[in-house]
Amino acid sequence: MEATRTSTGIRVGGDARQRLHDARGYGLARDNGEVELTAVETAHLLYRGDLSGIDGTGFSGFLQTLTDERFALRFAVYKDLRDRGFYLDPVDRVPDAVPPSTADFAVYERGAGRAADAIAFYIRVLGEASTVPVGEFRPGVLAVVDDEGEVGYIEVAEPTLDGSAALPTSGSVEASIVGDRVHLPDPPDSLYAKHFFGRPVGGREATEGPLAISLLEAAYLSRLGVIDLAEAPIRQRGRRLEGDGFDRRARVYAALRDRGVVPKTGYKFGADYRVYSSFESITEMGHSDHLVRVLEPGTTVRPNALSLDVRLAHGVGKRMVFAITTGTDDTALTWLSVTRLTP
């Protein structure tokens, strides 16, 4: 079969509707029996030899006529998913779907045809050298094409971050700021043992005695009325040491505690927090299951940094979560998890 450029696109006639559209999910079927193809579909069919040419030009010649700077990336992803047995369409071809504005393709469930209600996920195509504002991320899949043409997939989703960890209720615990910590000389044992705030000055094996808590923990406990130290001086010290980042991290810390999970420092994993979704006591605790990184909406992310986050979290049995501080209060936070996907 030979394809032809027309004023409305690339068309194939003859028995193309039966062979390409109906049987194999390519193109749009037109009333005159022709099939209208996109450039990426045309290139794929030329590459496979299912089209003999387009206006007498083969695969390599057709590529030289294209001006889309992202075409090579999109073709690599299209071919990879087709090789894996998926049907996919450019998002503007799926009239009943509401894809993310940045998506390139709608990918259908295997064996489900091309109905809008059979879409498995939406794909955004990125190159290894891309930079993307994290505020543009939406639930779906990122397909990253590296400089060798290999395609990797990262799933972006809205995580479930809920738990049943209890909060302390006792109040007026003596507290004072000491450097970048808050010192509690005589705290209730439950504050560490049952609620996992701070760390005993005597070490993690200590069961009683003074407790050192972070400024982030102290700001939250002050808000709850658990310690006798006002929140304002705690935040002032935090801003002096960390700048505006302290308030962003404090918002995320408070939101996590309010959800019933237990956040602790994620320093060893290169994150802001490691998070325990299930916590009963310090003697019965399991492993943390999420890593949380706090980001501003304008923060740009390169795919290689994203891949590092995903692989690091996966390697320690956790899921990476971005907490994006989109507004000025806790309800304005956006939560997105990123994990490796094998379609």
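1. Start with the largest pocket, which holds about 1,300 Å³ of space. Bear in mind that this is a predicted model.

2. To find the middle of the largest pocket, go to G198, R199, K264, T265 and R274, which lie nearest its centre among 48 lining residues. The elements that put two or more residues into that lining include helix 5 (190-193), strand 14 (199-200), helix 6 (215-224) and helix 7 (231-242).

3. As for the make-up of the largest pocket's lining, I'd note 24 nonpolar residues alongside 15 charged and nine polar ones.

4. Now the second largest pocket, with about 380 Å³ of space. Its lining runs to 18 residues, and G152, Y153, I154, S307 and R311 are the ones nearest the centre.

5. Three elements each supply at least two residues to the lining of the second largest pocket: strand 11 (151-157), helix 9 (303-315) and strand 21 (333-341). Helix 9 has the largest share, at five residues.

6. By class, the second largest pocket is lined by eight nonpolar, six charged and four polar residues.

Terms used. Residues numbered from 1 in each chain as written. Predicted model: local features only at pLDDT ≥ 70, side-chain atom pairs only at ≥ 80, totals over all residues. Heavy atoms only, no water. 1 Å grid on protein atoms, 1.4 Å probe; cavity = no way out; pocket = protein on both sides within 12 Å on 5 of 7 lines; lining within 4 Å. Points joined across faces, edges and corners; volume = space filled by probe spheres on them. Helix = DSSP H or I, 4+ residues; strand = E, 2+ residues; numbered from the N terminus. Nonpolar A, V, L, I, M, F, W, Y, C, P; charged D, E, K, R; others polar.
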